[in-house]
Amino acid sequence: MFESLSDRFEGILSRLRSRGRLTDADVDEVLREIRTALLEADVEIGVVRGFTEAVRSRCVGLELSRALSPGQQVIKIVNEELVGILGGETLKITYASRPPTVILLAGLQGSGKTTASAKLARWFKQQGRNPLLVGADLQRPAAVEQLRVLGGQAGISVFSDTTDPVAVAVAGLEEAKRLGRDVLVVDTAGRLSIDEDLMDEIRRIAGAVDPHYTFLVIDAMTGQDAVSTASAFHDALSLDGVILTKLDGDARGGAALSVKEVVGRPIAFASTGEKLDDFDQFHPDRMADRILGMGDVLSLIEQAERTMDQDVATKGAAAMIEGRFTLEDFLEQLQQVKKMGSMSGVLSLLPGVPKDLKQASSAVDDRQIGQVEAIIRSMTPGERVDPAIIDGARRVRIANGSGTATSDVNALLKQFKEMQKMMKGLGKGGMGGALGGLGGMFGRGGPKLSPQAMAEMAAMGGPGGDLGGLAGMGGDPAAFGGGMAPTGARGAGGSRGSARPKGKGGKKGKGGGRVTPKAR
Amino acid sequence: MIEPSLVASGSEVLIGVVVAVPLLIVGGGVAIGLRLRGRGGKSPVPPGEVASDAATDVELARSADAAADAAADTAADTAGAAGAAGATRAPAPTDGRAETPGPPAPEPGPGPGAGPATYRGRLGKARGLLSGYLGAVRSKGKIDAATWDELEEALIRADVGVGATDSLLADLKARVKAGEIDGPDALVEALKADLVTVLSAADATLSLPGSGPGSVEPVVEPPTSAQRAAGAGEASPVDVWLFVGVNGVGKTTTVGKVANRLAASGAKVLLAAGDTFRAAAGEQLSQWASRADADIVRGAEGGDPSSVVFDAVQRAEAKGHAVVLADTAGRLHNKVNLIEELKKIRRVAGRPPGRVVEVLLVLDATTGQNGLAQARVFLEAVDVTGVVLTKLDGTAKGGIVVAIQRELGLPVKLVGLGEGVDDLVDFDPAAFVDALF
């Protein structure tokens, strides 16, 4: 039963508006909620304890601001603390003066090391390097073959042998030198942290090839075990960083916080899918939102911007606002949306979306998009531009042409008309007005943010403010407002395709630093 | 600064479109979708595409597939494309190549559960962690606030989750208050007993070959086609076990272990390499087939997984295999396209002569609360019959299965305790709970 964190806070803190400061008792209650939220997000219990203490010291005696509700203030503090821990030093790869730069990957079985190895090698290639992959996982059936296939896809050669993992790693290093490669990425077998033999083996591999960077690969859905595993690998190998995988799932990912806190090394990369290019820099601010259950709006926007044809989308938007959005335009937009992949995946990234809408939308799949498409395609151009001319006979024709019933055609036309009306609101109240109207369409007309509240959030959040309007949707403005506000300048930025704000500026985190390789 | 603008910003547009489209569809479309699921055959199959033998459903997804393929060509970088690509591969006819003929069935081996893989042996190291807590609880003479804190921490650390933990402890608190539990020792025993009760609630027996409804004696060899043609009795259905789950949990390894166990007990086992997406997945399963003395049906890499399963069922019927174990590609449960693909695999697997008797959700013991979400989605999608909890030989406790049982009624049927072919045991709630504490 998902209830946003700030909803919970609002309940506790709503009575505080008359008073000036948060008392110990208030803070205790709030911290309990934070604790629950973090545990539900799989943050390790010891890490939660430390975290809530840090938040406590900032909250006690906190003077309540007039611009933000107490709940929003606390969320802001929590968010800042999270981002501070998750962010901090960025990992900057410093290449060895005597190549190759050796990268070693380690982790539990199934964490995604082999895929990550290939992705990482490809990343280095994109940086202009000349990497070699080494398949040192001789344990898992066909692991080396998997790496070879992935290497082939990335255009990177793979070295392996059938001796033993240490010998293979050493031979791989020699091969890299022989071939003049400047980066060596070594994939290893998954191993339990309590398997003494295998932990000994990975120590020996590290000893033999002396990696410049050793990364722990960890699955974003890992639970409480994250700390025990990360500590063990860190003790054995002295990690330089962490690669977090399977972030395209919907796990809240508290393991990221646990591991970062315990290992103290940067989370260098985020793996966000099964394809080789699903490999990004890690974004602490997005992870913080995700852990707190607030969705990952920026990823959604990035995904959208990546896949949609910007011109088509903007053209459609202009049409929407000017009230001349036709079924033809809608058909074009449908194509764009289809490119983005599953609807529920996309909607699940948006915070403040009413749960029943999320559930209903997960019933919407390509099949239904196909149906709507078929109906529109069965219309003549004239009908698409002016649906008012679609009388009974035309409806029957359209239904037959698309393999649907006339009632389906009727339903679509009716909904479309509603949507057109709502879209007119885009020009006036901004997205908030429009989406508030959307909420109303489903009988859930939530309180829209007052212009004043939106202005306040905008003032807080800089350019992020224009996403505040989304709060109008689903009747949960506080949650969304509270969620978006603390993250400052990470909003939409107001222009398409422009560089996104990096999300670290203005936070209390340490400045970007350099992680230098161990002295050789 | 917010100002109403005539042209929405780029990102607002995208959000607007992204949100508006499903709303439009949902508003009008859910009704369409619901009704159409009941009908078959009315939507046009795009020209040039041939329905495979396997997919006799005329899937509306087919037309969307064709369109999506075109769209996917121009936008290969979506995170969802992995799913789209997976679900929109045109059904490729499998040629059933690479079936390795199995050796004659070995002597019936040791019964299930026996052998070197026992809970206590493997979990010896992991035990230490939790028994530290309960040792402290027990050594105190009384039950106080600290006791409850320690119990709560123990359960949370085991990934039992906040909800289930609160519920279990609330119940115990009430009983302590009512005087039913009189001290820390009794409290710990009561907690363990409660956990065992939860974990034993559902029937965890496996539908082993020959144990189908109405069948009393084990069916060793179903009648061959020749015999059936000669009218020698009813063709018995081919049992199919599906192995499903998210990426990296141990599905393929589990298939190998289960194949080994069934083959050791005398059944003729056929593996279906239903993971046609992951690089070298078929090769990986082939190696397990050799280890387990099972046969295997593979398809083209990138081909339609349903076709592979279909072919395997056909082959099993023809060659007299008692059971088909179908591996599937790992898929995150929030990827609708991939879940749809899985539903199709199950449908195809269940068409006569196939009969789906087990749908096992393979779950990694290191998984946190997301395991519950996984179980929920897979259960709803393909009617999971039980859970295989893997990697329990590590430090993770796998407590999420408590919540899965409580909330979804799904039992754990098998436990994986290592990467070797014998590292599979039946789930034993009492031993599981004991080994946790």
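Two strands pair if DSSP finds at least two bridges between them. Helices (H or I, at least four residues) and strands (E, at least two) are themselves DSSP runs, numbered from the N terminus.

This is a predicted model, in which local features need pLDDT of at least 70 and side-chain atom pairs count only at pLDDT 80 or more, while totals for chains, interfaces and linings use all residues. Residues are numbered from 1 along each chain as its sequence is written, and chains are lettered from A and ligands numbered from 1 in the order in which they are written.

**Stop 1: strands of chain B**

Select residues 354-364 of chain B, which form strand β5. Of its 11 residues, 10 are buried, meaning that 20 or more other C-beta atoms, placed from the backbone, lie within 10 Å of the residue's own; exposed means 12 or fewer, and partly exposed is in between.

B:Trp241 sits opposite B:Glu358 of β5(B).

Now show helix α13, residues 370-382 of chain B; with β5(B) and β6(B) it makes a right-handed β-α-β unit. Right-handed means that, with the strands pointing away from the viewer, the path from the first strand over the helix to the second runs clockwise.

**Stop 2: B:Leu424**

Pick B:Leu424, in strand β8 (residues 424-426) of chain B. Why does B:Leu424 count as buried? Because 24 other C-beta atoms lie within 10 Å. Select B:Lys257 too: 167 residues separate the pair in sequence, but their C-alpha atoms are 6.5 Å apart.

**Stop 3: a helix in chain A**

Move to helix α19 of chain A, residues 392-402, and colour A:Arg395, A:Ile398 and A:Ser402, which are buried. These residues are on the same side of α19(A) because they cover an arc of only 65° around the axis, taken from the directions from the helix axis to the C-beta atoms. On the face turned away from that side are A:Gly392 and A:Ala393, both exposed. After the helix comes A:Gly403, with a positive phi near 70°.

**Stop 4: chain A as a whole**

Chain A has 22 helices and 8 strands, and 59% of its 520 residues are buried. Colour it by pLDDT, the predictor's confidence in each residue, from 0 to 100. The mean is 76, with 68% of residues at 70 or more.
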